[in-house]
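Notebook open, viewer open. I'm going to look up a few spots in this one and jot down what I find.

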Amino acid sequence: MPSSLIQTFRAFAHNNAWANHRLLAACASLSQEEFEAERKSFFPSLQQTLNHVYYVDLFYVDALEGGWLGPRAWANQIPYPTVAELKPAQAAMDQRLISICNALTPEDLDGIVRVNRDTRVQNERRDRLLMHLFQHQIHHRGQAHAMLSGTTVAPPQLDEFFAAEEAPLRASEFAELGWTEATIWKDG
């Protein structure tokens, strides 16, 4: 039987959290100076790029939860100056997104999410907003991955998507996250 769209969103949410876990674990090996160092990218450092991922996640996850935080999400553009501070905050944000996706119903996907843009309210279908959020995360993690390539720390592989035969290769990271394969591929 083919996977449902709901299952696909659940898998994307878990894959997002796993990629953030891998990337931030690699960044934890950098000195603070390397984390803050100016590099070529849309945001000029790993610190700024990964904090951007966090606060944009906050913006959209809050809206998906029915909140009204809006642009206050990025009032502080570096809410977590160190990897040690950012990693648990991003993990908590990733868990909020997983919870949203775990609770989805087919009716929810067509539902409208009201997004506070400060000067206007954006009304967006939930499925479109989720796809936008996942694409945003992938885009900026790719930039961070490229910046990490310019350091002494090898960037982790981020282009995997839970191939069944590769489950043993990710088992230890899943254990760190408190997951099993069944956590992601559950029915319903």
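Which residues is T49 in contact with, leaving aside its neighbours within four places in sequence? I get F43, H140, Q143, A144 and M147, where contact means heavy atoms within 4.5 Å. T49 sits in helix α3; helices here are DSSP runs of H or I with at least four residues, strands are E runs of at least two, and both are numbered from the N terminus. T49 counts as buried because its relative accessibility is 0%. For the cut-offs, buried is under 20% relative accessible area, exposed is over 50% and partly exposed is in between, with a 1.4 Å probe and protein chains only.

Ground rules before I go on. This is a predicted model, so I note that local features need pLDDT of at least 70 and side-chain atom pairs count only at pLDDT 80 or more, while totals for chains, interfaces and linings use all residues. Residues are numbered from 1 along each chain as its sequence is written, and side-chain values use heavy atoms, with hydrogens and water left out.

**Entry: cavities**

Rolling a probe the size of a water molecule over the atoms shows where empty space is left. Grid points are joined across faces, edges and corners, and a volume is the space filled by probe spheres set on the points.

I find two cavities of 30 Å³ or more. The largest cavity holds about 40 Å³ of space, and N20, L23, L24, L50, V53, L86 and Q90 line it. The elements giving two or more residues to that lining are α1, α3 (46–64) and α4 (83–102). α1 gives the most, with three residues. By class I read five nonpolar, two polar and no charged residues; Ala, Val, Leu, Ile, Met, Phe, Trp, Tyr, Cys and Pro count as nonpolar, Asp, Glu, Lys and Arg as charged, and the others, Gly among them, as polar.

The second largest cavity comes out at about 30 Å³. Its lining is N15, W18, A19, R22, Q157, L158, D159 and E160, which I sort into three nonpolar, two polar and three charged.

**Entry: second largest pocket**

How much space lies in the second largest pocket? About 170 Å³. Two elements give two or more residues to its lining, α1 (5–27) and α6 (126–148). α6 supplies the largest share, five residues.

**Entry: the hairpin**

Strands β1 (residues 112–116) and β2 (residues 121–125) pair antiparallel over five bridges; to pair, two strands need at least two DSSP bridges between them. V115 has Q122 in β2 as its bridge partner, and N116 stands opposite V121. The hairpin has four residues between the strands. One of the loop residues, D118, has a positive phi near 75° without being a glycine. D118 is exposed, at 61% relative accessible area.

**Entry: another positive phi**

F162 lies in the loop between α6 and α7. F162 is not a glycine either, yet its phi is positive, about 55°.

**Entry: α7**

Which residues of helix α7 (residues 167–177) are buried? A167, R170, E173 and F174. They cover an arc of only 125° around the axis, so they lie on the same side of α7; the arc is that of the directions from the helix axis to the C-beta atoms. An α-helix has 3.6 residues a turn, so residues three or four places apart point the same way.

The buried residues of α7 pack against α1 and α8 (181–184). On the face turned away from that buried side I find the exposed residues P168, A175 and E176. After α7 comes G178, with a positive phi near 80°.

Terms used. On a 1 Å grid over the protein atoms alone, a cavity is a set of points where a 1.4 Å probe fits but cannot get out, and a pocket is an open set with protein on both sides within 12 Å along at least five of seven lines; lining residues have an atom within 4 Å of a point.
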